[in-house]
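Please read the report below with the sequence and the model side by side. Try to find each named part in the model as the text reaches it.

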Amino acid sequence: MLLRRFATASTSLPPTIRQLLSSLPPTGQAIEVQLSGWIKSVRRQKNVTFAVINDGSCASGLQAVLKPDATPHNLTNGASVRICGNLVQSTGRGQSYELQVEAVDILGECNPEAYPIQKQALPVEFLRDNAHLRARTDINAAMLRLRDSVLRMLHSYYEAQDFHYVHTPILTSNDCEGGGETFRVSPASSAPPSRQSPDSSAQAEFFSQPAYLTVSSQLHLEALAASLSRVYTLSPCFRAERSQTNRHLAEFWMLEAEWAFINHVGDICDVVEESLKNVLQCRSEHALLWKDGDEAKLKSLEDASRPGIPWTRISYTDAVNELQKYHASSRVGFEFEPAWGRALQSEHERWVSERLVGGPVFVTDYPTSLKPFYMRANDDGQTVACFDLLVPSIGELVGGSLREERSSHLVEAIRRHGLKEEEYGWYVDLRKYGSAPHGGYGLGFERLISWMSGIENVRECIAMPRWAKRMLL
Ligand code: 4AD
């Protein structure tokens with residue numbers, strides 16, 4: 001029996017529907033199985049009942065076929081069940097196997113009238129309000145599986161390049177980006193420290209010391225790259241971001257890599273490009289996420305994934321020149337006038353990637369005044385050795401740079417940015433002992449999922465989104 005074969009081949013866990021369907025024998029013989037999952041739909045006919053059961057392991061689920069007299073009245077959409085039966089070849093459209101049911105146990109009933117997750121497409125806002133149930137929709141579950149596949153591919157990419165997967169703190173003593181968007185950790189109770197409790201200082205911030213939720217793991221990664229050479233991490237990041245855009249969250253996941261012994265920003269772009277092209281290959285497994293009308297976006301993703309065609313690289317200065325030419329010549333122009341020394345707005349980033357280039361583009365060497373203190377100064381004295389990767393529909397997906405490895409330049413930059421030198425003592429220290437040229441980047445994981453899936457808002461690219469004034473569970 002197949003059940004037993006799985007049990008000895010791997011673990012004591014029974015096979016999932018995906019495992020069963022992907023390892024069926026070619027002979028077409030019936031296989032006796034036992035499955036658990038949730039009912040996705042039920043169609044009762046006079047002589048037969050069809051029910052789709054899924055355990056979330058794959059997009060399609062499995063069609064179960066029941067005799068009407070063996071169909072419990074409480075077999076409804078959303079109910080959890082355990083089913084025993086025979087997996088047989090099916091003549092039905094769009095499926096090669098179906099489950100001829102012998103016995104059903106209803107493990108958890110689900111009142112179909114009250115159940116908020118109905119079969120038809122539900123409004124995005126309604127699902128945000130029901131974030132605890134949202135993963136039960138086909139689209140949200142597909143998005144979660146996509147996150148999983150992408151992450152596994154990224155892990156194998158870094159592993160193949162001899163990067164070490166490391167973990168950095170969530171509680172930090174400073175603002176890595178110097179952007180003033182940190183959440184400060186505050187005490188759960190504002191009660192004054194009591195004499196009875198020797199530990200009461202723990203309640204005032206972090207044992208009497210100011211503490212913040214991390215905005216980026218970069219500075220800590222730099223400390224580890226100064227020993228392990230090549231490191232990366234995936235960490236939640238927190239930003240007190242007020243923007244209500246489709247690409248900003250207050251809590252998001254950032255994939256960050258950092259490595260030593262590089263001297264050119266182009267070498268960092270090479271790694272970003274290679275790792276992402278690798279990941280873009282898996283987009284076709286997630287076709288469910290794409291809608292009719294998304295063909296152009298899909299084609300552009302397919303083009304971006306081609307190994308032989310390098311992604312465009314353009315300096316910030318050249319990008320601004322192009323933006324200005326367009327702004328002057330077009331009747332519509334931009335809302336914000338582009339000018340050297342000003343930040344690129346979202347409309348500029350999208351124009352550069354969608355209209356000027358028609359694909360992913362690395363914009364390099366931004367003015368020093370626009371970027372954080374840690375970026376390495378270029379010899380022109382006006383720009384830093386950095387890049388943003390802009391992609392169609394999203395805008396900025398990745399930001400990275402060479403880091404200032406010269407301690408005198410770094411201290412000068414900390415002062416120029418008005419940061420407190422004493423908070424960055426340990427960071428400057430890294431430059432005192434065996435300082436090495438190094439650099440790295442950070443990739444917004446939800447933005448990558450949005451780009452790869454065509455899901456327009458990053459709030460739908462994470463299981464339980466948090467954004468300004470919204471944290472329901
Ligand atoms: O450009 P950022 O701010 O770069 C850093 O934090 C660097 N310290 C990273 C590094 O070099 N190790 O952020 C990197 C990426 C952005 O390109 C964007 O994709 C994403 O993080 N990101 C956000 N994603 C969702 N919501 C937000 N509020 C985000 N802020 C940044």
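Helices (DSSP runs of H or I with at least four residues) and strands (DSSP runs of E with at least two) are numbered from the N terminus. Residues are numbered from 1 along each chain, in the order in which its sequence is written. This is a predicted model, in which local features need a pLDDT of at least 70 and side-chain atom pairs count only at pLDDT 80 or more, while totals for chains, interfaces and linings use all residues.

**Overall picture**

The protein has 13 helices and 15 strands, and its C-alpha trace spans about 80 × 70 × 45 Å along the principal axes. A residue counts as buried if 20 or more other C-beta atoms, placed from the backbone, lie within 10 Å of its own, as exposed if 12 or fewer do, and as partly exposed in between. Of the 473 residues of the protein, 33% count as buried. Two residues are in contact if their C-beta atoms, placed from the backbone, lie within 7 Å; among contacts between residues at least 6 apart in sequence, 67% join residues at least 24 apart.

**Two helix pairs**

Axes are lines fitted to C-alpha atoms, for helices over the stretch in contact, and the angles between N-to-C directions run from 0 to 180 degrees.

| Helix pair | Angle | Distance between axes |
|---|---|---|
| α5 (residues 138-160) and α13 (residues 445-453) | about 110 degrees | 11 Å |
| α9 (residues 316-329) and α10 (residues 346-357) | about 85 degrees | 11 Å |

Angles under 35 degrees count as roughly parallel, those over 145 as roughly antiparallel, those from 65 to 115 as roughly perpendicular, and the rest as oblique. With its angle of about 110 degrees to α13, helix α5 is therefore roughly perpendicular to α13. The contact is made by M143, L146, R147 and V150 of α5 together with L448, I449, M452 and S453 of α13. In the classes used here, Ala, Val, Leu, Ile, Met, Phe, Trp, Tyr, Cys and Pro are nonpolar, Asp, Glu, Lys and Arg are charged, and the others, Gly among them, are polar. The contact of α5 with α13 has six nonpolar residues, one polar and one charged.

Helices α9 and α10 are likewise described as roughly perpendicular to each other. Here A319, E322, L323 and Y326 in α9 meet H348, W351, V352 and L356 in α10, and by class this contact has six nonpolar residues, one polar and one charged.

**Around the ligand**

A residue is near a molecule if its C-beta atom, placed from the backbone, lies within 6 Å of it. The ligand is surrounded by 23 residues, of which S216, Q218, G399, G442 and G444 are the closest. Strands β10 (251-260), β14 (395-402) and β15 (438-444), together with helix α13, each supply at least two residues of this shell, and the largest share, five residues, comes from β14. By class, the shell divides into eight nonpolar, eight polar and seven charged residues.

Is W426 buried or exposed? W426, found in helix α12 (residues 425-429), has 12 C-beta neighbours inside 10 Å and therefore counts as exposed. I31, in strand β1 (residues 31-44), is partly exposed, with 19 other C-beta atoms within 10 Å. N457 lies in the segment after α13 and is partly exposed, with 17 other C-beta atoms within 10 Å. The C-alpha atoms of N457 and V231 are separated by 30 Å, and these two residues are 226 residues apart along the chain.
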